[in-house]
Amino acid sequence: MLTTDSVAGCLIGVVALLVVIAATLAAQRVPAVAVAGPVAALLVALGLTDLDSAVDEVLAMAPTIGFLAAMLVIAEVCAREGVFRWVGSVLAGWSRSSPRRLLRIVFVVAAVTTAILSLDTTIVLLTPVAVATARHIGARVTPIAFSSAHLANTASTLMPVSNLTNLLAFSATGLSFLGFTGLMLAPWVVGIAVEYLIFRWFFADALREAAPSDVPASGTPEAEPAPAPVHRPGLLLVALGLLLAAFVIAEPFGVPLAAVAGVGAVVFALPGLIRSPLPALRDAAVAANIPFLGFVAALSVVILPVRNGPLGDWIGRLIPSSSTLLGILVVALVAAALANLVNNLPATLLLIPLVAHDPGLVLAMLLGVNIGPNLAYFGSLANLLWREIMHKNTAAPTSREYLRLGALTVPVTLGAAVFALWAGLSVAR
């Protein structure tokens, strides 16, 4: 029976979710924190969420937010020093003007980039490079562009550092860095392989043909002039490898990932700071994207009335008690559905306490909030950012096109990844 308190709680939860949606959509035009921040303050002022709880939530998020800021600075340094220009030259050379080979290479590069530097790096820095490479060899842009978008989500399941959702949930798993990565390795490989096979089938015609605008009357693709040779940034590539090794080595000794990333950001930015301190500091501040960090902090407060209210209780009743195959599948499906309804960041914040009783369910939740957003643009902030980048580089696919491909890839990819996770958990037990 519904009581006045439960109805009021549901209304508060719905309003909070609407604010999350509005803030996410507004992020394309104004800083999302400009919407979420005042609402978080209002929720506290009206007593709809406890001040102490809000402060505790933000403090608990602080290491994750610091880690994200450091990784954004590292990615910006890599871009400025030519890492992705070199990647573009490698893509063009290895593809040998074959669209199919280019798709295969982009899948591998996007998967590795996402795993090490996070999905936002793949979206912002790799997508323009991949699109330019497709044009350079006279291939159609759509399959290549879609691959960077889908791999940014699907390939972000591997390590705690691959996605902000992973970072938010990492401590709830109770696993070490290597333990987390080891259990997610099979779902990562299987998910990418299944996605690739679907792409090869779905884009079969496009991968056989040259782009219409690049085909002259003779019918032979006319590739763009070869770009100038690009110097390989060997030192930075070594530094990235050392940073990844530091994550693995430092974590068992109790050194927080945020501390490792912070030191890494200083080391990566140090040459620029020595050459020209003020411009380098300005670049680092811009790269850290402080408004977005503020949005993440405010979002953790806005989601509290939902998580602690009737809506959270109702969702909690859907969560199984253990990580059986059915349990993992249910959690992954619930997480994917929530990600596409309210975006994957609030979905993660909402679900973490509900699945924290079983590490396997936490990992299943991450499969859902990471792979699920491939279904629709609103599923993740990375999707919306990809659409904006595509608008700048070429015509962005419509929501219908994105949904059509997602409807084919998400159920099969998520199902295969769930089965791989269950198999890995069974072996680990």
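F170 is buried in this predicted model. Its relative accessible area is 11%. F180 is buried too, at 0%. The two rings have their centres 5.8 Å apart and their planes at 85 degrees, so the pair is edge-to-face. F170 belongs to helix α8 (residues 164-173) and F180 to helix α9 (residues 177-202), so the pair ties together parts that are ten residues apart in sequence.

**Aromatic pairs and cluster**

- The count of aromatic pairs comes to 15.
- One of them joins F146 and W386. This pair is tilted, at 5.5 Å centre to centre with 35 degrees between the planes.
- The F146–W386 pair links distant parts of the chain. F146 sits in helix α7 (residues 141-154), W386 in helix α20 (residues 381-393), and 240 residues separate them.
- F146 and W386 are both buried.
- One aromatic cluster is formed by F107, F146, Y196, F199, F202, F203, Y377, W386 and Y402.
- Y377, a member of that cluster, also meets a charge: the charged end of R387 sits over its ring, 4.7 Å from the centre.

**Nonpolar core**

- The largest nonpolar core has 134 residues.
- Within this core, I74, F247, L351, M365 and W386 touch the most other members.
- Helix α3 (residues 51-80) gives the most to the core, with 14 residues.
- L351 is in contact with I315, I319, V334, A335, L338 and M365, leaving aside neighbours within four places in sequence.

**Salt-bridge network**

- The count of salt bridges comes to three.
- R80 and E76 meet through their side chains at 2.6 Å, N to O. Both lie in helix α3, four residues apart, about one turn of the helix.
- An α-helix has 3.6 residues a turn, so residues three or four places apart point the same way.
- R80 also bridges to E81, at 3.9 Å, N to O.
- E81 in turn meets R275 at 3.6 Å, N to O. R275 lies in helix α12 (residues 257-275) and E81 in the loop between α3 and α4 (83-95), so this pair ties together parts that are 194 residues apart in sequence.
- Shared partners join E76, R80, E81 and R275 into one network.
- How exposed is R275? Its relative accessible area is 58%, so R275 counts as exposed.
- The other members are partly exposed: R80 at 32%, E76 at 22% and E81 at 37%.

**Helices α4 and α5**

- Which residues of α4 are buried? They are V83, F84, V87, G88, V90, L91, A92 and S95.
- The cover over these buried residues includes α3, α5, α6 (119-136) and α11 (234-250).
- The 13 residues of α4 should span 18 Å at 1.5 Å a residue. The end C-alpha atoms are 18 Å apart, which agrees.
- Just after α4, R96 takes a positive phi of about 50 degrees.
- Helix α5 (residues 99-117) has 19 residues and should span 27 Å at 1.5 Å a residue. Its end C-alpha atoms are 26 Å apart, which agrees.
- S118 follows α5, and its phi is positive, near 85 degrees.

**A buried loop serine**

- S323 lies in the loop between α16 (310-318) and α17 (325-342).
- Is S323 buried or exposed? Its relative accessible area is 4%, under the 20% cut-off, so S323 is buried.
- What does S323 touch? Not counting residues up to four places away in sequence, the contacts are I328, D358, G360, L361, W422, L425 and R429.

Notes: Residues numbered from 1 in each chain as written. Predicted model: local features only at pLDDT ≥ 70, side-chain atom pairs only at ≥ 80, totals over all residues. Heavy atoms only, no water. Helix = DSSP H or I, 4+ residues; strand = E, 2+ residues; numbered from the N terminus. Buried < 20%, exposed > 50% of the residue type's maximum accessible area, 1.4 Å probe, protein only. Contact = heavy atoms within 4.5 Å. Phe/Tyr/Trp six-rings, centres within 6.5 Å; stacked < 30°, edge-to-face > 60°. Lys NZ or Arg CZ within 6 Å of the ring centre and 35° of its normal. Expected span 1.5 Å × (residues − 1). Core = buried A, V, L, I, M, F, W, Y, C linked by side-chain atoms within 4.5 Å. Salt bridge = Lys/Arg side-chain N within 4 Å of Asp/Glu carboxyl O.
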